[in-house]
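Please open the model in a viewer and follow the selections below in order. Each stop gives a selection and then describes what is found there.

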Amino acid sequence: MRVLVLGGTEFVGRAVVEEALALGWDVTVFNRGSHEPPAGVTALRGDRSAAGGLAALERGEWDVVVDTWSWAASAVRDTASLLARRAGHYVYVSSRSVYADPVPFGADESAPVVAASADDEDASDYARNKAGAELGAVAAFGERALLARAGTILGPYENIGRLPWWLSRIARGGPVLAPGPRDLGLQYIDARDLAVWCLRAAERGVGGAFNVVSPPGFVTMRELLETCVKVTGSDAGLRWVDAEPILAAGVAPWTDLPIWLVGEDHAFMHGGDVSKALAEGLRCRPVEETAADTWAWLRSIGGEAPTRPDRPRVGLDPAVEARLLGA
């Protein structure tokens with residue numbers, strides 16, 4: 001199979017490239033050249049946000065295109081339109097953020113989506129960016145467009161900082177604020193499992209929208225944090241604190257304490273129905289593997305994870321943590 005990965009050097013795009021190479025596929029990447037592509041690929045250069053930036057894609061044919069774009073939807077519209085007659089399948093890595101509030105626990109792909117346009121050139125609204133990009137992919141490829149609506153994505157090369165922050169904090173040792181309840185169910189997807197599913201589904205000609213994330217309650221907050229303690233070999237002690245005093249202290253779920261959410265936000269992010277993707281072959285590796293591999297990668301790069309410039313840094317202020325723990 002010949003696959004074109006738009007991006008291909010960071011987090012999900014890099015996972016797609018590495019998994020495609022492992023499958024023996026012929027891989028081409030297209031990006032601005034800010035980061036070096038993995039060995040073994042054909043590299044094309046271009047800036048999708050600039051006039052004439054798609055020139056390098058005006059020639060060539062591919063069986064599958066994988067696109068992880070998160071900014072102005074018009075870029076996906078233009079790219080998909082350019083490739084529609086020279087590519088077999090278009091995989092757009094979207095997000096469950098496309099669903100319009102409120103999103104109840106157990107919602108599937110039929111839930112309402114935010115209003116968006118494929119022609120939108122405003123990159124300020126993430127949900128609208130993703131929803132508009134979906135429209136652009138479908139307009140060009142129709143049933144040959146696969147929309148992978150991912151939830152929380154974890155794993156090696158993560159450039160958001162969620163699992164890296166927990167691993168780094170726990171590795172420092174000492175008492176660690178652990179947000180309750182302990183049995184809070186979590187739902188996420190390892191970037192490598194997302195990548196493999198997208199590639200294999202596209203190879204089979206699968207189209208349409210799919211929630212691509214683990215089943216609800218795949219792990220609990222306790223299982224995740226205890227796994228982080230185990231893989232880091234830390235002497236950290238998890239100190240479980242109920243949600244109420246944490247919220248009363250002004251701590252923000254998701255950003256100050258990554259992955260952790262409460263109330264309607266938890267129902268949305270950690271309660272998606274994924275039966276459709278499971279029926280189409282989605283498999284999720286154990287949390288121990290995701291955590292261990294992410295920790296090994298972090299250590300290999302000196303312990304400091306890269307972060308996307310368009311995302312805020314995550315993590316709890318040590319002084320706030322100390323106050324909540326009564327230290």
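Begin by selecting strand E1 (residues 2-6) and strand E2 (residues 26-31) of this predicted model. The two strands pair in the parallel sense over five bridges. The chain passes from E1 to E2 by way of helix H1 (residues 11-22), and this β-α-β crossover is right-handed. Within the pairing, Leu-4 has Thr-28 of E2 as its bridge partner.

E1 and E4 run parallel and are joined by four bridges. Here Leu-4 stands opposite Val-65. E1 is mostly covered, with four of its five residues buried.

Turn now to the aromatic side chains, and select Tyr-188 and Phe-218. How are these two rings arranged? Their centres are 5.8 Å apart and their planes meet at 75 degrees; because planes over 60 degrees apart count as edge-to-face, the pair is edge-to-face. Tyr-188 belongs to strand E10 (residues 188-190), whereas Phe-218 sits in the loop between strand E11 (208-212) and strand E12 (219-220), so the contact ties together parts that are 30 residues apart in sequence. Tyr-188 is buried, at 5% relative accessibility, while Phe-218 is partly exposed, at 28%. The whole structure holds six aromatic pairs.

The following stops concern the backbone. Most residues other than glycine have a negative phi, and most peptide bonds are trans.

- Select Asp-101 and Pro-102: the peptide bond between them is cis, with omega near -10 degrees. Pro-102 lies in the loop between strand E5 (87-95) and helix H3 (126-141).
- Select Gly-180 and Pro-181: this peptide bond is also cis, with omega near 0 degrees. Pro-181 is in the loop between strand E8 (175-179) and strand E9 (185-186).
- Select Tyr-157, which is not a glycine but has a positive phi of about 75 degrees. Tyr-157 lies in the loop between strand E7 (152-154) and helix H4 (162-171), and counts as partly exposed at 22% relative accessibility.
- Select Trp-254, another residue that is not a glycine, with a positive phi of about 80 degrees. Trp-254 is located in the loop between helix H7 (243-248) and helix H8 (263-269).

Finally, select the lining of the second largest pocket, which includes Ile-160, Trp-165, Ser-168, Glu-304, Thr-307 and Arg-313. About 220 Å³ of space lies in this pocket. What classes of residue make up the lining? Six are nonpolar, four are polar and two are charged.

Notes. Residues numbered from 1 in each chain as written. Predicted model: local features only at pLDDT ≥ 70, side-chain atom pairs only at ≥ 80, totals over all residues. Heavy atoms only, no water. 1 Å grid on protein atoms, 1.4 Å probe; cavity = no way out; pocket = protein on both sides within 12 Å on 5 of 7 lines; lining within 4 Å. Points joined across faces, edges and corners; volume = space filled by probe spheres on them. Nonpolar A, V, L, I, M, F, W, Y, C, P; charged D, E, K, R; others polar. Buried < 20%, exposed > 50% of the residue type's maximum accessible area, 1.4 Å probe, protein only. Pairing = 2+ DSSP bridges. Right-handed = clockwise from strand over helix to strand, strands pointing away. Phe/Tyr/Trp six-rings, centres within 6.5 Å; stacked < 30°, edge-to-face > 60°.
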